Structure formats: C-alpha cells, structure tokens
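Have the structure open as you read.

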Amino acid sequence: MAIDNHSDNAVPGSAPSEAFEWAAYNRPCLGDRVSGDVAVVVAMDMKLLVVLIDVLGHGAEANGLATEMADFVSKHPVAVPSTMIENLHKAFKGSRGAVAGCAVLDTRSHVVVFAGVGNPNFRILSSSKSLTFPVSAGIIGKEIRTPKEYSAQLLERDLLIASSDGVAENFQVADYPQIFSHGVQSIVRSVVRRFGKDYDDATCLVVRRPKS
Ligand SMILES: [Mn+2]
C-alpha cells in the first residue's frame, strides 16, 4: 500500500495477527500540490515493512520519482532493510536521487530492524525515552554503501515515528504531551501540523502495537 498525500485515509493495521496499527500523513511543500516524500507500508508474512522516501527537491518531478519508488517497494518488498535500500538504489541508479529509511517489524517479537540512508528520522518514542536510529551517509540513486542495520524492540505503548526532514526531528513528549493517548491518525497529522516546516515536504508515519 503506497501512502501519499491522500493518506488521510491510511488504514490502521491490517498486518497478519494485527500486531501493529499504523498511519501516515504527507503534506507538500508550501506552493506545491504534490509531494516528493512518500511512505509505503507492506504487510508481509509475519513482518511489517515500512519505508519512508524523500526524493531530492520537491514538486511534480520529485513526486514522479517518489511514486515510482513507492511502486517498486510495493511490488518487490524485501524484509531485510539494508537489502531493500540497496535494491532501491540499483533500480533507480542515475535518477535525481533520494534519501530513505526502511524498518522491518516482526509481528511476534516486535523487534524493529532499521537501515537508512541520508536524513530520514526514525525513532522509538516512549514516555521516558527516545531512541533515534542511526543512518548511513549517501544518496539512493547516486552513491551509497551498504547501510548498517540497527535493531530495537517496540514495547507496548511505544511509538515508532518515521519522519522526513520536513518535520523537526527530536521533538519531545513535553512538546506534544497527549501523543500517547491519541490515535495513530491524529498523531501523524498533529506531528506534521506542529513540527512541520512550511518550505519542505513534510511526512510522518507512526506504527505502534494496538492497545490491549
Ligand atoms: Mn525533504
């Protein structure tokens, strides 16, 4: 499922065993009608694949490439984040380039494995701490090295928050105290509204375990 700026309707979790619920929201740069950011979520066998892509630049041309990249992920999902990133790089070599983060969540263990290139911000936020996944240098489609993978566990109530650089990174729970009581649809919209930068495409995707 590709989630673009119509992701208002992003459906909450339909992963196997309903281990996760998620939502994404994408707001184009001021003055643009379409975004060069795209978020893709693919429910695989016992895994949930989450990819956030930010194509260099913005506007219609960036949107075209973002859409192609999202289609590629949807059609060729891989449950190994570093491989998913490398496959994107190979498939879009010579394009205008993009940065991207990829997380694979295990529906049983709730382990999150992440790999990313450039400046996508993926972090796990809990009421007491924030863990930001490190990213590797490079630009997909231009030059990358095999990105390193990092893993962490998504505990009950934790939020996996993925955002493009159009959203101020590292906002704190104190900046949005209701974040843990809101639904995922509200969270992604609120994060973009509160922390989005007007002059860049702004995307936020959130995944969490359903409340039991
Ligand atoms: Mn950007």
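## Overall build

Buried residues account for 48% of the 212 residues in the protein chain. Please keep in mind that this is a predicted model. The chain's secondary structure consists of three helices and 13 strands. Its radius of gyration is 15 Å, close to the 17 Å that the globule rule gives for 212 residues, so the chain is as compact as a globular protein of that length.

Along the principal axes, the C-alpha trace spans about 45 × 35 × 30 Å. If we take the contacts between residues at least 6 apart in sequence, 66% of them join residues at least 24 apart.

## Helix H2

Let's turn to helix H2, residues 81-91, where the buried residues are Pro81, Ser82, Met84, Ile85, Leu88 and His89. These residues lie on the same side of H2, because they cover an arc of only 165 degrees around the axis. Their packing partners are helix H1 (60-75) and the strands S4 (47-55), S5 (98-106), S6 (111-117) and S10 (143-144).

## Strand S2 and its partner

Strand S2 (residues 21-27) is mostly covered, with six of its seven residues buried. S2 pairs with strand S13 (residues 202-208) in the antiparallel sense, over seven bridges. Glu21, for example, has Arg208 of S13 as its bridge partner.

## The nonpolar core

The largest nonpolar core has 62 residues, and Ala100, Val188 and Val206 touch the most other members. Leaving aside residues up to four places away in sequence, Val206 touches Trp22, Ala23, Leu159, Leu160, Ile161, Val184, Ile187 and Val188.

Conventions. Residues numbered from 1 in each chain as written. Predicted model: local features only at pLDDT ≥ 70, side-chain atom pairs only at ≥ 80, totals over all residues. Buried ≥ 20, exposed ≤ 12 C-beta atoms within 10 Å, placed from the backbone. Helix = DSSP H or I, 4+ residues; strand = E, 2+ residues; numbered from the N terminus. Arc of directions from axis to C-beta. Contact = placed C-beta atoms within 7 Å. Pairing = 2+ DSSP bridges. Core = buried A, V, L, I, M, F, W, Y, C linked by C-beta atoms within 7 Å. Rg over C-alpha atoms; globule rule 2.2 N^0.38 Å.
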